[in-house]
Amino acid sequence: MPEVTSGDGDDSTPEGDVDDGVRVDMISGARMEGLTSMEKIRLILDGVREGNIVILEEGLSPDEESKLIEVTMTEISPDEFSGIEIETYPKSSTKEPGLFERLLGNETTQKLTVIGPANQIETLHKDENLISALVSRK
Amino acid sequence: MGLLTSLKDSITRVTDGLFASGEPKRIGIYGPPNAGKTTLANRIARDWTGDAVGPESHIPHETRRARRKEGVTIERDGKEVTIDIVDTPGVTTKVDYEEFLEHDMEKEDAVRRSREATEGVAEAMHWLREDVDGVIYVLDSTEDPFTQVNTMLIGIIESQELPVLILANKIDKEESDIQRIANAFPQHETIPLSALEGQNMDEVYAKIAEYFA
């Protein structure tokens, strides 16, 4: 059975026999709220490099996504870590924020995001309403 | 919504005008691996300066360093723009050296190539945040455009408020589907072309002059 952690502020990492399955960390928006961009990226990559699937309730901002790609690239190492697979729902064209939402800072980055090791997660289908992925053990 | 979009476009154009100067605009050519970015960069550079930017290849990540061709002046329909073309490595979230082994490469070469590719992608992302004035986003029109990398990259470009021109490349191929790209990014205009065959380059140059002048 996958082990699920809620990330409720407790920094301890539940220990489990991860050899029996794939661990899934579901990280709430509240948990990410007080973190800097680099802390968020570190939290994600540390989990993914351990072979975990990380699910973010609220996703990352475009700038953070850009930095995540950049940092991921610097950490890729032959036979150790080949990068990440990341999936979010595509942005709906009907939900594009207007000028005033953006000026007032009301633009939301909320989008459920799934991130995993590139060699363990394969996207089977993705549309605006559904992400279907195949996750394998290391 | 339509009014707000028009207002936003107007403000963007006015802001762009305020920052316009005689300096060449640095235009990054971005897109996924094997979309034809270097073929396009070479086509533009050869058409307007007679020189090429870099070697082209069907092997992914042939371009592993951002390459620049400076001072390319493009003139169309009375509009003129001088740009520095920045041909960037194909953006991806993963690089596995074993993929290069499929192209008859020795392991040592494949590992070196993958290391250079990762450095190149990191550099390209940094350029996108710091050092480009506009983006030409190149997509292979025979491939599904609804990928995470495309979604993220277009989102990043939009968040930087950079002018972006989306090009549907490889229209010379039978499987080409321009409408699929137009549907994926309806907020942007999609220009079809074949950089390899030189098809529809007149419209591409007209749009470059219009968007980046």
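Tutor: What follows is an account of helix H5 of chain B, its packing partners and the loops on either side of it.

This is a predicted model, in which local features need pLDDT of at least 70 and side-chain atom pairs count only at pLDDT 80 or more, while totals for chains, interfaces and linings use all residues. Residues are numbered from 1 along each chain as its sequence is written, and chains are lettered from A and ligands numbered from 1 in the order in which they are written.

Chain B has 7 helices and 6 strands; these are DSSP runs numbered from the N terminus, with helices (H or I) of at least four residues and strands (E) of at least two. Along the sequence their order is α-β-α-β-β-α-α-β-α-β-α-β-α. Of the 213 residues in chain B, 41% are buried. A residue is buried if 20 or more other C-beta atoms, placed from the backbone, lie within 10 Å of its own, exposed if 12 or fewer do, and partly exposed in between.

H5(B) covers residues 148–159. Its 12 residues should span 16 Å at 1.5 Å a residue, and the end C-alpha atoms are 16 Å apart, which agrees; the expected span is 1.5 Å times one less than the number of residues. Because 9 of the 12 residues are buried, H5(B) is largely enclosed by the rest of the structure. Those buried residues are Gln148(B), Asn150(B), Thr151(B), Met152(B), Leu153(B), Ile154(B), Gly155(B), Ile156(B) and Ile157(B). They pack against elements of both chains: H3 and strand E4 (84–88) in chain A, and strand E1 (25–30), helix H4 (107–130), strand E4 (134–140) and strand E5 (164–169) in chain B.

The helix on the chain A side is H3(A). The axes of H3(A) and H5(B) are 8 Å apart and form an angle of about 125°; axes are lines fitted to C-alpha atoms, for helices over the stretch in contact, and angles between N-to-C directions run from 0 to 180 degrees. H3(A) and H5(B) are therefore oblique to each other, given that angles under 35 degrees count as roughly parallel, over 145 as roughly antiparallel, 65 to 115 as roughly perpendicular and the rest as oblique. Their crossing is left-handed, a term used if the near helix is turned anticlockwise from the far one by less than a right angle, with clockwise being right-handed. Pro62(A), Asp63(A), Glu65(A) and Ser66(A) of H3(A) meet Met152(B), Gly155(B), Ile156(B) and Ser159(B) of H5(B), where contact is a C-beta to C-beta distance within 7 Å, the atoms being placed from the backbone. By class, this contact has 3 nonpolar, 3 polar and 2 charged residues; Ala, Val, Leu, Ile, Met, Phe, Trp, Tyr, Cys and Pro count as nonpolar, Asp, Glu, Lys and Arg as charged, and the others, Gly among them, as polar.

The crossing of H2(A) and H3(A) is right-handed.

Now the loops. Asp144(B) lies in the loop between E4 and H5 of chain B and, with 13 C-beta neighbours inside 10 Å, counts as partly exposed. Its C-alpha is 7.6 Å from that of Arg180(B), 36 residues away in sequence. Most residues other than glycine have a negative phi. Glu161(B), although not a glycine, has a positive phi of about 55°. It is exposed, with 12 other C-beta atoms within 10 Å.

Note on methods: Two residues are in contact if their C-beta atoms, placed from the backbone, lie within 7 Å.
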